[in-house]
Amino acid sequence: NTARLWDMITTNPSANSIVLTGHTDDVSSVAFSPDGRWLATVWPDDSLRLWPLPGSGDRQVKRLPLPADRNWRGLVFDPKGRFVILVPYWDSDSVWAYVVPVDGSPPKGLEGPSQGTMLSGAAVSPSGRQVAMAYRVASTDTGKKTLRVWDLETSEARVFDLPESVAPEEGWESGVYDLAFADDSTLYTSGDGGLRRWNLESGAHDLVLSTRPGSNYMSAAFGPSAQIAFVTEPMPGDEFLGAARVLDFGTGEMRSVSAFAESALRSPDLWPRDAFDSTGTIAATGDSEGIVRVARLSGGEPHLLLGHEGTVTDLAISPDGRWVASAGEDDTLRLWPMPDLDKP
């Protein structure tokens with residue numbers, strides 16, 4: 001249960017690491033604040049912390065108040081850095097998510113009828129006004145399969161029914177794994193059947209990319225403004241293997257990136273995450289063997305960040321491109337200096 005901050009100059013990072021302590025369980029999710037001052041982490045208990053990054057001018061770890069007795073699934077920052085959206089594992093007590101102000105003000109719940117469903121992560125619109133969440137899997141046969149979009153200024157929610165299952169897997173039909181706003185009226189979701197684009201003004205949706213024959217679902221890590229995405233889906237005949245490809249929404253081009261060809265081992269229960277930098281030209285991936293790979297999408301050999309034991313469960317790249325944060329199944333949180341990609 002440690003977090004390591006590596007000196008970015010040394011050639012032997014393990015000999016010059018700063019150990020950050022304080023968490024008591026595995027890290028559920030990591031995210032950098034838009035201004036690059038903080039690394040936010042959340043644990044399954046009631047602990048949301050903001051770790052000050054070197055050069056930020058801050059020295060104290062901030063612990064933000066959270067409702068007790070929740071099992072947190074993930075977090076995402078408001079693009080303007082005013083608040084964090086926290087997602088509980090289930091939509092219990094009619095609260096689908098919490099808006100947690102960074103200034104330490106009390107959190108506010110985003111309410112909706114409890115439907116007995118496990119939730120996907122959340123997405124915040126570029127203006128910071130809208131928050132989207134969706135059904136992932138039902139705990140009962142009555143779990144409703146909906147996408148919900150809240151207006152934070154009015155607290156009103158719009159509800160959209162998810163389409164019928166395209167490639168069903170028992171219990172996960174119509175489920176959504178990932179969400180991202182392209183703009184305030186366009187939302188992308190990935191999950192059962194492929195990758196889908198929603199027009200939030202009309203409620204219409206279309207399938208941008210369907211799963212390949214033999215695949216049941218698709219996961220996507222979206223780049224800045226949802227212009228590109230790392231797309232992962234199970235390999236036919238083996239649900240524990242998945243190949244990551246990059247989709248360019250502007251051109252419609254789908255391609256494999258040689259630097260990440262080896263990072264194929266995936267688990268449907270412990271999804272390794274992929275991450276882009278703020279320019280959409282550098283990416284990081286994690287796999288079930290604990291290896292984090294960082295490389296330019298234009299080519300070149302990946303830099304390997306070695307240290308995790310077991311699946312890498314979450315990844316993020318800081319807005320200024322200086323840091324890579326990774327969380328692992330081994331209950332560790334690691335903060336790595338961005339490698340010099342001009343060197344081997």
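The questions and answers below set values from a predicted model against the definitions behind the terms.

Residues are numbered from 1 along each chain as its sequence is written, and because the model is predicted, local features need pLDDT of at least 70 and side-chain atom pairs count only at pLDDT 80 or more, whereas totals for chains, interfaces and linings use all residues. Side-chain values use heavy atoms, with hydrogens and water left out.

Q: What makes β4 and β5 a pair of strands?
A: Strands are DSSP runs of E with at least two residues, numbered from the N terminus, and two of them pair if DSSP finds at least two bridges between them. Strand β4, residues 38–42, and β5 are joined by 5 bridges in the antiparallel sense, and in one of these the partner of Val-42 is Leu-48 in β5.

Q: How do you know that β5 also pairs with β6?
A: Strand β5, residues 48–52, is joined to β6 by 3 bridges, and the two run antiparallel. Leu-50 has Lys-62 of β6 as its bridge partner, while Arg-49 has Arg-63 of β6.

Q: Why are β3 and β6 said to stand at the edges of their sheet?
A: The sheet is open, with 4 strands in the order β3-β4-β5-β6 and antiparallel pairing. β3 (29–32) and β6 (62–64) each have a single partner strand, so one side of each is left without a neighbour in the sheet. Neighbouring strands here are turned by 20 degrees against each other on average, direction ignored, where the axes are lines fitted to C-alpha atoms and angles run from 0 to 180 degrees between N-to-C directions.

Q: Why is Asp-277 said to have no salt bridge?
A: A salt bridge needs a side-chain nitrogen of Lys or Arg within 4 Å of a carboxyl oxygen of Asp or Glu. Asp-277, which lies in the loop between β24 (274–276) and β25 (282–286), is buried, and the nearest side chain of opposite charge, Arg-296, is 7.9 Å away; for such charges Lys and Arg count as positive and Asp and Glu as negative, while His and the chain ends are not counted.

Q: What does the side chain of Asp-277 reach instead?
A: The side chain of Asp-277 reaches the backbone nitrogen of Gly-280 at 2.9 Å. Leaving aside neighbours within four places in sequence, Asp-277 is in contact (heavy atoms within 4.5 Å) with Pro-224, Ile-282 and Ile-317.

Q: Why is Ser-219 called buried, and what polar contact does its side chain make?
A: Ser-219, in strand β20 (residues 219–222), has 5% relative accessibility and therefore counts as buried. Its side chain makes a polar contact with the side chain of Asp-178 at 2.8 Å, a term for a pair of N or O atoms within 3.5 Å in which, within protein, one must be able to donate a hydrogen and the other to accept it, and for which residues adjacent in sequence count only if both atoms are side-chain atoms.

Q: What makes the phi of Ser-155 and of Ser-225 worth noting?
A: Most residues other than glycine have a negative phi. Ser-155, in the loop between β14 (146–151) and β15 (156–161), has a positive phi near 65 degrees, and Ser-225, in the loop between β20 and β21 (228–235), has a positive phi of about 55 degrees.

Q: Why are Ser-155 and Ser-225 called partly exposed?
A: Ser-155 has a relative accessible area of 40% and is therefore partly exposed, and Ser-225, at 47% relative accessibility, counts as partly exposed.

Methods: Buried < 20%, exposed > 50% of the residue type's maximum accessible area, 1.4 Å probe, protein only.
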